[in-house]
Amino acid sequence: MSNVPMFEIENLHASIEDREILKGVDLTVNQGEIHALMGPNGSGKSTLANIIAGHPAYEVTEGSIKYFGEDILEWSPDERARKGLFLAFQYPTVIPGVSMANFLRMAVTAVRNARADEAAAQGGAAQRMTPREFRRLMKEKMALLKMDDAFATRYLNEGFSGGEKKRAEILQMALLEPRLAVLDETDSGLDIDALKVVSEGVNALTGPEMGILLITHYQRLLNFIKPDYVHIMMDGRIVSEGGKELVTRLEAEGYAWVEAQVAASA
Ligand SMILES: Nc1ncnc2c1ncn2[C@@H]1O[C@H](COP(=O)(O)OP(=O)(O)OP(=O)(O)O)[C@@H](O)[C@H]1O
Ligand SMILES: [Mg+2]
């Protein structure tokens, strides 16, 4: 069973309001791998991310998404998070009246305690997370991301600058310790220094256990977080795959050559 991929998308088709957005996506991410997903505006990248997270607006009409060999499409968004899937949204939501610390404590202890309970039910050693442990962990991860302590007491995403929202998402990821993290344009809106801090944070969190799917438009993020594989999506399909050389070419030439390749093969 050891060669079951961690995360495998096969022939995924998905629609919203009867309009087909994803038209047969294949993508495999294994533990320890960093994948970059690029592609023009509107090609379906965020749609794919939302479907991985379990967003109810999209209907999967064909194909499968498997996580350690198990079909995740029947799982609730909650269950997906508990099992180790994480999505950092392109446009994080504002939750007025809920402080960052409270939101994270609720979200993180719920996921971690559910994981601990599952492990215990299977006879494993499992530690539930106490509020004190949570505070210690949050402090540690905020330091890693060079976030000011005052951040924790602010209301979630309310009045956060673009860069602060993105850091808040990465903080949440750091606390949840996912196996697969999908980061949707985490670089957008970050200034140069913040980009470095967030990238260093992501690099510090990755390891042999974790896989990352980075959605981005630009090379600059990929100079800090080095992808092992690069995929280009166009009109709901992955039309080109390779290594970092694809990013360099896109940066220099844009998408015209990819379009020409697609047209030639049609
Ligand atoms: N909830 C929705 N309702 C209606 N249309 C949607 C919805 N979500 C996605 N779409 C449509 O699906 C297509 C793909 O959108 P998506 O957000 O996945 O693109 P993207 O590749 O992430 O683009 P960008 O690079 O601009 O973020 C677009 O035409 C978009 O308008
Ligand atoms: Mg998008």
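**Sheets, helices and a ligand**

Mentor: Helix α1 lies across β3 (34-38), β6, β9, β10 (211-215) and β11 (229-234), and runs at about 140 degrees to β6. Keep in mind that this is a predicted model.

Trainee: What is the order of the six strands in the open sheet?

Mentor: The order is β6-β9-β10-β3-β11-β12, and the pairing is mixed. From one strand to the next, the twist averages 20 degrees.

Trainee: What makes β6 and β12 edge strands?

Mentor: Each of them pairs on one side only, β12 being residues 237-242. For β6, the partner to look at is strand β9 (residues 180-184).

Trainee: How do you know that β6 and β9 pair?

Mentor: Pairing needs at least two bridges. Four bridges join β6 to β9, so the two strands count as paired, and they run parallel. Within β9, A181 is the residue opposite F86.

Trainee: Why are both faces of strand β6 called covered?

Mentor: The strand spans residues 85-88, with L85 and L87 on one side and F86 and A88 on the other. These residues are all buried, on both sides, so both faces are covered.

Trainee: Which other helix packs on this sheet?

Mentor: Helix α8 (residues 244-253) does, touching β3, β11 and β12. The direction of α8 makes about 45 degrees with that of β11.

Trainee: What is the order of the open sheet of four strands?

Mentor: That order is β2-β1-β4-β5, with antiparallel pairing. The edge strands are β2 (19-29) and β5 (70-71), each pairing on one side only. Helix α1 (residues 45-53) packs on this sheet, where α1 touches β1 (7-16), β2 and β4, and the direction of α1 makes about 70 degrees with that of β2.

Trainee: How do you know that β4 and β5 pair?

Mentor: At least two bridges are required.

Trainee: How many bridges join β1 to β2?

Mentor: Eight, and these strands run antiparallel. S15 is opposite E20 in β2. The hairpin of β1 and β2 has two residues between the strands, and E17 in this hairpin takes a positive phi near 45 degrees.

Trainee: Why is L12 called buried?

Mentor: A residue is buried if 20 or more other C-beta atoms lie within 10 Å of its own. L12 has 25, so L12 is buried. The residue sits in strand β1. Apart from neighbours within four places in sequence, L12 is in contact with L22, G24, V25, V60, G63 and I65.

Trainee: Why is D117 called partly exposed?

Mentor: Buried takes 20 or more such atoms and exposed takes 12 or fewer. D117 has 13 other C-beta atoms within 10 Å, a count that falls in between, so D117 is partly exposed. D117 is in helix α3 (residues 100-121). Between D117 and Q127, 10 residues apart in sequence, the C-alpha to C-alpha distance is 8.4 Å.

Trainee: What makes α5 roughly parallel to α6?

Mentor: Angles under 35 degrees count as roughly parallel. The axes of helix α5 (residues 162-176) and helix α6 (residues 192-205) cross at roughly 10 degrees and come within 11 Å. The angle is under the limit, so α5 is roughly parallel to α6.

Trainee: Which residues make the contact of α5 with α6?

Mentor: From α5 they are G163, K166, R167, I170, M173 and A174, and from α6 they are A194, V198, G201, V202 and L205. By kind, the residues of this contact divide into seven nonpolar, two polar and two charged.

Trainee: Which residues are closest to ligand 1?

Mentor: N41, G42, K45, S46 and T47 are the closest of the 12 residues that surround ligand 1. Helix α1 gives the most to this shell, with three residues.

Trainee: How do the residues of the shell around ligand 1 divide by kind?

Mentor: Eight are polar, three nonpolar and one charged.

How values were computed. Residues numbered from 1 in each chain as written. Chains lettered and ligands numbered in written order. Predicted model: local features only at pLDDT ≥ 70, side-chain atom pairs only at ≥ 80, totals over all residues. Contact = placed C-beta atoms within 7 Å. Axes fitted to C-alpha atoms, helices over the stretch in contact; angles between N-to-C directions. Near = placed C-beta within 6 Å. Nonpolar A, V, L, I, M, F, W, Y, C, P; charged D, E, K, R; others polar. Parallel < 35°, antiparallel > 145°, perpendicular 65-115°, else oblique.
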